[in-house]
Amino acid sequence: SSDLLTTQALELTDILVQVHPKEGKAHAMHADFLYREGKLKEAQEAFRKTVALDNSKFLVWNQLLQTDYDLRDYEGLLKESNDALELFPTQAIVYLFNGLANMQLKKYDEAIEIFNSGAAYSKKDKQLSIQFYSSLGDCYNFVKKYKDSDAAYEKALPQHGPAIASALAKRVVEREKTKLAAVADGTLTDKDLRRSEEHTSE
């Protein structure tokens, strides 16, 4: 059965790691099988050992960053994506992971900067470009730069209309509800409301 084959493969790659503990390729193979089996924490450690032994393989870094993200280890993702950016400064996916880590850690200004930098490298990858601009839209929304938020969503719209249009509509509705509630309880005056509507980013 496939389960038996996977178990045997894990055992074999474990032996391989023990026989060749300083070979990055052995750790990478073991990490890959661990990831496939859903043993994410063990896979993360194995991928980390791999890049510690040989940091030249982009695919291994990409797998490590994906594992960090799957584990919701955003501190680890931020650190390791920063390391990966030093080695692979033109790989768009690394910028995306770094931006997502910053966003999850509520470092919105840093996320905006990195998303803007990485978007330039994503132009040939439609799905990646959508992720950059929709994430940018979310970040600008969090810091209340609404015109920039709308502009970012609109850049994603031509590429993936319905889903992004829905997200944009939802954000606008949420903003209006928040403003109306603030006016109702007196925390936002009519003057403040007009100012917020005229708000533009610096």
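Helices here are DSSP runs of H or I with at least four residues, numbered from the N terminus. The model shown in these views is predicted.

**View 1. Lining of the second largest pocket.** The volume of this pocket is about 160 Å³. Its lining consists of Gly24, Lys25, Ala28, Met29, Thr50, Asp54, Lys57, Leu59 and Val60. Two or more of the lining residues come from each of helix H2 (24-36) and helix H4 (58-70). H2 provides the largest share of the lining, four residues. By class, four residues of the lining are nonpolar, two polar and three charged.

**View 2. Packing geometry of helices H2 and H3.** Two packed helices are described by the angle between their axes and the distance between the axes. For H2 and helix H3 (residues 40-53), the packing angle is about 160 degrees and the axes lie 8 Å apart. Angles over 145 degrees count as roughly antiparallel, and H2 is therefore roughly antiparallel to H3. The two helices, H2 and H3, cross with left-handed sense.

**View 3. Residues in the contact of H2 with H3.** On the H2 side, the contact is made by Gly24, His27, Ala28, Ala31, Asp32, Leu34 and Tyr35. On the H3 side, the residues are Leu40, Glu42, Ala43, Ala46, Phe47, Lys49, Thr50 and Leu53. The contact of H2 with H3 divides into nine nonpolar, three polar and three charged residues. Gly24, Ala28 and Thr50 take part in this contact and also line the second largest pocket of View 1.

Terms used: Residues numbered from 1 in each chain as written. Predicted model: local features only at pLDDT ≥ 70, side-chain atom pairs only at ≥ 80, totals over all residues. Heavy atoms only, no water. 1 Å grid on protein atoms, 1.4 Å probe; cavity = no way out; pocket = protein on both sides within 12 Å on 5 of 7 lines; lining within 4 Å. Points joined across faces, edges and corners; volume = space filled by probe spheres on them. Nonpolar A, V, L, I, M, F, W, Y, C, P; charged D, E, K, R; others polar. Axes fitted to C-alpha atoms, helices over the stretch in contact; angles between N-to-C directions. Parallel < 35°, antiparallel > 145°, perpendicular 65-115°, else oblique. Left-handed = near helix turned anticlockwise from the far one by under 90°. Contact = heavy atoms within 4.5 Å.
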